[in-house]
Structures are given as C-alpha cells and as structure tokens.
Amino acid sequence: MLNLFHSHKDSVKEPKVLIASILFHDIIYDPKASDNEAQSAVVFDAFCSELNNAVSQHTTKNDVLKVSPCSQSFVDTVVRYIMATKTHKLCEGDEENIDAQLFLDFDLQVLAWPAEQYDEYARQIRQEYQHYSDKDFNAGRARVLRAMCSSSAPIYFSKQFEPLQQIAK
C-alpha cells in the first residue's frame, strides 16, 4: 500500500493521515477474529496517546508552543479510515474525500492484479484461513467476491482507480 501511496502522492491532501492509516489498518490481523479493524483502531489510538504523552513530558516550560503530534482530528480521521476497511464503503461525509477514496482503493487494489499475481494472493489468503474446511472457505470466499462483483456499488471510488473497476469485477 505504501507503494501505491507514493504512486498517487500528488493527489493526496493529508499524507500523514494516509500513511498512518496504511501502517495501522492491519496492525491487528487475526483471521479467526471479526474485530480486527476495531482492534487496530484501538492500537492506533493508544499509540497516539503514548506519543502525545512522551512529547508532552519532554516539552520544557520555556517552550511557548506545546504541539501535540497527534491531534484529536488526526486520530479520529485515521480511526474512521481504518474502520471503513471492514465494509469497504466510504463513511458518511467522505464521498468527496480523495484521501478516503484512495485509501479504500489501495486496500482493494489486489482485485485488479494480473491473474498470476492474484492467484498467488488467493493462495496466501487460503493459507491464512486454513482453520476452515475447503468447503466452508470456498463458500465464504465466493459469497464475499460475489457480493462485491454483483453490487451496483463501486469497488473503487477514486477517478484514479476507476479504469480498474471492470477488471476487478
């Protein structure tokens, strides 16, 4: 995802938000859990609190401006982006937000990979979900992919990824 960020950095409005979202969105990843996004958001929030506390403790009385490296707005935005990866839908108010669009597009860019690369990705996903029988895994995977492909909702949201829509579906 960082490579995609670098490829599209000229379109990004808030690079720090996007980079933090990329780095933390899958920091908790347990194929058996259904709350990975929420847990990743908790880790990010805790990281920012720790960082803010550390900076605050090392700021002297002579420092006129005490700058918080992680403002509440920054934290809220990153958490919102992380949580959006659960449904891969833009949050209310983000419909015109290029950063939110790109972040979700980056996360699902794999669906437009060339067949050979996508097949390797699919093998890795199967390995991650080896705790399911082939029958259950295939049924679940087919259900997810069918829902994405049959929905009138787009897989990709940004104009930059629009050309990949048909490839992914």
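**Stop one: a tyrosine and its neighbours**

Select Y121: leaving aside residues up to four places away in sequence, Y121 touches V110, W113 and R141, where contact means heavy atoms within 4.5 Å. Before moving on, note that this is a predicted model, in which local features need pLDDT of at least 70, side-chain atom pairs count only at pLDDT 80 or more, and totals for chains, interfaces and linings use all residues. Numbering runs from 1 along each chain as its sequence is written, and side-chain values use heavy atoms, with hydrogens and water left out.

Y121 sits in helix α6 (residues 115–128); helices here are DSSP runs of H or I, at least four residues, and strands are runs of E, at least two, numbered from the N terminus.

**Stop two: salt bridges**

The whole structure holds four salt bridges, each a side-chain nitrogen of Lys or Arg within 4 Å of a carboxyl oxygen of Asp or Glu. Pick E37 and K86, which pair at 3.9 Å, N to O. E37 belongs to helix α3 (residues 36–57) and K86 to the loop between α4 (72–84) and α5, 49 residues apart, so the pair links distant parts of the chain. E37 is buried at 15% relative accessibility, while K86 is partly exposed at 47%.

Next, select D94 and R80, a salt bridge of 2.8 Å, N to O. D94 is in the loop between α4 and α5, and R80 in helix α4, 14 residues away. D94 is buried, with 4% relative accessible area; R80 is partly exposed at 29%. Another salt bridge joins D134 and R126, with the closest N and O atoms 2.7 Å apart.

**Stop three: two helices crossing**

Show α2 (residues 15–24) and α5 (residues 98–108), whose axes come within 10 Å and cross at roughly 25 degrees. Axes are lines fitted to C-alpha atoms, for helices over the stretch in contact, with angles from 0 to 180 degrees between N-to-C directions. That makes α2 roughly parallel to α5, a label for angles under 35 degrees. For the contact, select L18, S21 and I22 of α2 together with D99, F103 and F106 of α5.

Key
Parallel < 35°, antiparallel > 145°, perpendicular 65-115°, else oblique. Buried < 20%, exposed > 50% of the residue type's maximum accessible area, 1.4 Å probe, protein only.
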